[in-house]
There are 2 protein chains.
Amino acid sequence: MSLCVVGSIALDSVETPTEKREIVLGGSSVFFSYAASFFTRVQLAGVVGEDWPREYTDLLNSRGIDTQGLQVVPGGKTFHWRGKYHRNMNDRDTLDLQLNVLADFKPELPSEYRRSKFLFLANGSPKLQMNVLEQCQGASFVVADTMDFYINTELDALKALLRRIDGLVVNDSEAKLLTGEDNLVLAGAAIRAMGPSFVVVKKGEHGAMFFGKEETYVLPAYPTPNVVDPTGAGDSFAGGMMGYLAQRDAFDAKTLKEALVYGTMTASFTVEDFSLDRLRKIEREDLDRRKEEYRRMLSF
Amino acid sequence: MSLCVVGSIALDSVETPTEKREIVLGGSSVFFSYAASFFTRVQLAGVVGEDWPREYTDLLNSRGIDTQGLQVVPGGKTFHWRGKYHRNMNDRDTLDLQLNVLADFKPELPSEYRRSKFLFLANGSPKLQMNVLEQCQGASFVVADTMDFYINTELDALKALLRRIDGLVVNDSEAKLLTGEDNLVLAGAAIRAMGPSFVVVKKGEHGAMFFGKEETYVLPAYPTPNVVDPTGAGDSFAGGMMGYLAQRDAFDAKTLKEALVYGTMTASFTVEDFSLDRLRKIEREDLDRRKEEYRRMLSF
C-alpha cells in the first residue's frame, strides 16, 4: 500500500558538542519518507526554494519516493533550521529558524496522493494538516504529529484535528503540555479521550510508549553507544512505523506493535550520523538484524 | 541462600504535589530488605535511635528479616530525611537531613551474617562499605550502590571498593558523574573498566540498563498510572534483584536478567504508595502476575 506524507523539507545546520554540519538535508517529511522507503512506496508533498539541490530530489526518487507533490518556488529559499545540541545530546537550542517558502505553503496534492490509504501529517499547522486530510479522501488510516508551538497557539484547530485522526505521535513534553498531566500513562489516556484511537509518546533516548484501546506498553530505545546527531530521530521513528503498516496493509494491535519496533530500529540508525548519512548506508536487512538483537534484549 | 544487607534505616517525612506523610518507615536497607523478603531470608544490619518504634522491627521480623544486626543506640535519634517531590515526581529537594546515629555507625556484623553468600552494600560511605565487605568473608557475590555525595567526596575509597565488588547499581546521573560520559552505554562500559563485572544503571521512570561482559540491554519501567511516592524505588529494585538471585543461588547472565525484571516489578509496586504501604499489601504472586503482563508488553 502506498503512504502519503506532508510536512517540512529543510536545509539544516547542526552543531553537536563534537562536530558540525552546514546546510544538510533535513525536515520532518524527508526523514519520514526515507525511513518509510525501507518498507513501502512513499508519496512526499512539501515545498522547497530555488536553492534546493536537484541531487536531493534524485536521492529521494532513487528510494522509490514519489516527489510529484514537491513544489519548487521560483526565487524562494528552502526552510532553514540551525540548532545546537547540549552535551547530553537530548536538549537542543534552536539558533535560527527561517520558514522561507514554508510560510506560504499551501499543499495541492496530486490526485494519486489523494487516493493513498495511509496518510501521515508530519509536524505543521493543524489547519494545514486538516486541509491535507480533507484532500485525502482515500485515506483510511491517518496519523499526525504536532509540537508545543501549535499546542500553545492553535489549540482549537488541533483539537478539531484530533477528532478526525486515528493516531497521534508526540514527544513526552508535548503530551504533558497538551493534557496538563505529568504522568505519561495518564497523559496518553487523556489524549485518547480527545479523539485518536491510539497515541504514541516518544521519549527520545528512553524509547516510546503506546496507548491503545486494549493495551498500554513501553518499548525502550535500542541502546546505541554511537549517538552522533539526534536530529530526525522522531520523524524516522514515525516513518519506520507507518512504512511497515503500509507494507503490511494492516493496523491491528499486533501489527502496530511490530511497527513501533521497526520505528525504534529506524530511529536508532538515524542518530548514528548526521542527516540521512547513516540511513543511506543501510538496507532493510540491517533493520531486521537489529530487530532480532532487540527482541533478544527484551526476552527473559 | 541468605542475603546480607548493610545500609541506612530512616524515619522519613515525604511531601508530594498532592499529599504528605510525617515520620514514616524508610531508609535504603529497609526498602531493600522488604523487597528481598519476597524471595529469600534477609539479614539486615543498620542503626537506629531510641525513637525507633518497636513495631517496625516486628514488621521486618514478620517477613523473615533477621534484625540481629540492628543496633539500637540508647539516647540516640534515628536518621531522618525530609524531602519534597516536584510536579514531575522524579526530581526532589531534600529539605532536611539529620544523620543522627548514622553519623557514628560502625557495623559489627553477627557471625551468621558474615557467612552470607550474597551481600548488598546499600548507599553509604565507601570506607564503611569496604569495612563491611572485609567482615563478610563468606560473601562470594557482592553488589554495591553509591551516590553523588561519595563520588564527589570519597572517590579514591570508592574506586578501591569498585575493584572488589561483582556489581554496581547506580542511577543515571551518578553513572555520568562517576565516568564523565554523557552517553549511558559508554558510561556503563567505563564503570565496568573500573572493576565490577556488571553494572546496572537505574533510570527511574525510564527503567534500567544492564552492562555485563557479554551483553548490554535496557528494560523499561512497568508503566504504572499510579505513582504516589517514588521514595525507595531504587532500593526496592535492588532488593527484588538481589533477593531473586539469592533465592536461585545463581548469578549467571540469564538469572541476572530475570532478577532485573523482578527488581523492576518490585519497584513498580513501591511507588504506588508511601513508605512500604503498597509492598505490605502484596504477595509474591502479585509480582509474578505483573511480571507476566510485563513479558507480554515486551513481546512482539
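Two strands pair if DSSP finds at least two bridges between them. Strands (E, at least two residues) and helices (H or I, at least four) are DSSP runs, numbered from the N terminus. The views below show a predicted model, in which local features need pLDDT of at least 70, side-chain atom pairs count only at pLDDT 80 or more, and totals for chains, interfaces and linings use all residues. Residues are numbered from 1 along each chain as its sequence is written, and chains are lettered from A and ligands numbered from 1 in the order in which they are written.

**View 1. Strand β1 of chain A and its two parallel partners.** β1(A) covers residues 3-6. It is joined to β8(A), residues 118-121, by 4 bridges, and the two strands run parallel. Here Cys4(A) stands opposite Leu119(A). Another 4 bridges join β1(A) to β4(A), residues 42-49, again in parallel. In that strand the bridge partner of Cys4(A) is Gln43(A). Both faces of β1(A) are covered. Leu3(A) and Val5(A) lie on one side, Cys4(A) and Val6(A) on the other, and all are buried. Buried means that 20 or more other C-beta atoms lie within 10 Å of the residue's own; 12 or fewer means exposed, and values in between mean partly exposed, with C-beta atoms placed from the backbone. In a regular strand the side chains alternate between the two faces of the sheet.

**View 2. Helix α7 of chain A and its surroundings.** α7(A) spans residues 172-179. Its residues Glu174(A), Ala175(A), Lys176(A) and Leu178(A) are buried. These buried residues pack against α5 (148-153), β10 (167-171), α8 (184-192) and β11 of chain A. Gly180(A) follows the helix, with a positive phi near 75°.

**View 3. Gly204 in a loop of chain A.** Gly204(A) is found between β11 (198-202) and β12 (208-211) of chain A. It counts as buried because it has 20 C-beta neighbours inside 10 Å. Its C-alpha atom is separated by 34 Å from that of Pro110(A), 94 residues apart along the chain.

View 4. Lys84(B) stands opposite Asp93(B) in β7(B).

**View 5. Where chain B meets chain A.** The contact takes 26 residues from chain B and 25 residues from chain A. Two residues are in contact if their C-beta atoms, placed from the backbone, lie within 7 Å. On the chain B side, α8 (184-192), β13 (216-219) and α10 (253-270) each supply at least two residues. The largest share, 4 residues, comes from β13(B). The chain B side divides into 15 nonpolar, 6 polar and 5 charged residues. Ala, Val, Leu, Ile, Met, Phe, Trp, Tyr, Cys and Pro count as nonpolar, Asp, Glu, Lys and Arg as charged, and the others, Gly among them, as polar. The predictor gives the complex an ipTM of 0.90 and a pTM of 0.94.
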